[in-house]
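Open the model in your viewer and follow the stops below. Each stop says what to select and what is there.

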Amino acid sequence: MPIYHQLGEVPRKRHVAFRKEDGGIHYEELVGNKGFTGPSSLLYHLRLPTAVKSVEALRGLAWAGEPERVLRHRHFRTATLATGPSPVLDRVPLLFNSDVALSMARPEKEDDFFYRNGQGDEVVFVAEGEGTLESSFGEVPFRAGDYVVIPRGVLHRWRLAAGPFRFLVIESAGYVRTPKRYRNEHGQLTEMAPFSERDVRRPTRLETRDETGDFPVVVKSGNRLVEMVMAHHPFDVVGWDGYYYPWAFSIHDFEPRVGRVHLPPPVHQTFEGDGFVVCSFCPRPYDFGPEAVPAPYSHQNVMSDEVLFYANSEFMSRKGIEYGSITLHPDGLPHGPQPGRTEDSIGAKGTDELAVMVDTFRPLLVSREALPLEDEGYPLSWLEGSGEGR
Ligand SMILES: [Fe+2]
């Protein structure tokens, strides 16, 4: 995220001796991506961030897709999906390719370990729940409607306050950022962007933990989990600065665009990654032209798979979906409003829809875990008289 931020105490210059009161030094650590040239931050620890007592391989995380790729419109009902207690280890895979993976977590219990995803950036959409993401960079409070962005390598733990919790986890092989066209040549979000830096919630409170003992950290890398037990509390940072840290952005702070006639989905774009984009469909007035058709036209976007997660039960162009539904409209097939939706939209004033869209440029695979959730009738729901109620 290209906004410089500083929290706590940092020395006057980087890479110089930063003394503690007892005459010892703080230990500097660079955390970032793309080696020493990508976005990064410098953290100052009380103890060495490398001090581990033990290293133990836990398990592999190979995701299995359905045996053969099925080409048809898909609808998965995830509302009652049971996951497991952990916010990070019990995520149920749903859709994936080599660029991006979608999974769901419905955590019930805080982890007694810390977590670091070393292989991907995470965008966690909080459909339900409230709490705090704690990290070496400080705390990011979260609530329903937030996208919590956790760049790879950020050591963190989810503190769960008010549940129930439902997270849609978007894990990206590439660096997640705001769309380039929203930023000027200096990286600042322009006046044309549908949100601004004020909407980006950076870490606030930094509590320095000066504790020794056994502190397990689970690290994900190369589709494997490893547990490292650190000899001290990993949140021993007294200060940091830079451009790399976890942050949150609320879908309710996205300023939707409305036109005289229909505007295409890119106006809803919120993030970009390598090989995919994330868009936010928010409550908004409909297009205001007297002859406007607010519902989208059917579209056949070959070379793009479209995934929608419905964060409430309303969606302007779709029948038969419910809260927690996930639709997948794969490339090679047209899709659009179901029977009656286009006509119904004419003259309507607005929508209360809330949905997260992930468009990928490579085909997605459906996980084995998603198959039992599938609404088998969905591919035929565009037939006159058959879409209702599914
Ligand atoms: Fe679409």
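**Stop one: the metal site**

Along the chain, the donors of the iron ion follow the spacing H-x6-E-x28-H. This is a predicted model: local features need pLDDT of at least 70, side-chain atom pairs count only at pLDDT 80 or more, and totals for chains, interfaces and linings use all residues. Residues are numbered from 1 along each chain as its sequence is written, and side-chain values use heavy atoms, with hydrogens and water left out.

Select His299, Glu306 and His335. The protein donors are His299 (NE2), Glu306 (OE), Glu306 (OE) and His335 (NE2), 2.0 to 2.5 Å from the iron ion. Donors are N, O and S atoms within 2.8 Å of the metal (3.2 Å for Na, K and Ca). Water is not among the atoms, so the site may look incomplete. Glu306 and His335 are both buried (under 20% relative accessible area, 1.4 Å probe, protein chains only; exposed is over 50%, partly exposed in between).

**Stop two: salt bridges**

The count comes to 25 salt bridges, each a side-chain nitrogen of Lys or Arg within 4 Å of a carboxyl oxygen of Asp or Glu.

Select Asp214 and Lys53. Their side chains meet in a salt bridge at 2.5 Å, N to O. Both residues are exposed.

Next, select Arg72 and Glu376. This salt bridge spans 3.3 Å, N to O. Arg72 is partly exposed, at 26% relative accessible area; Glu376 is exposed, at 54%.

Now go to Glu171 and Lys220. Their closest N and O atoms are 2.9 Å apart in a salt bridge. Are these two buried or exposed? Both Glu171 and Lys220 are buried.

Finally, select Glu66, Arg72, Arg74, Glu374 and Glu376. Salt bridges that share partners join them into one network.
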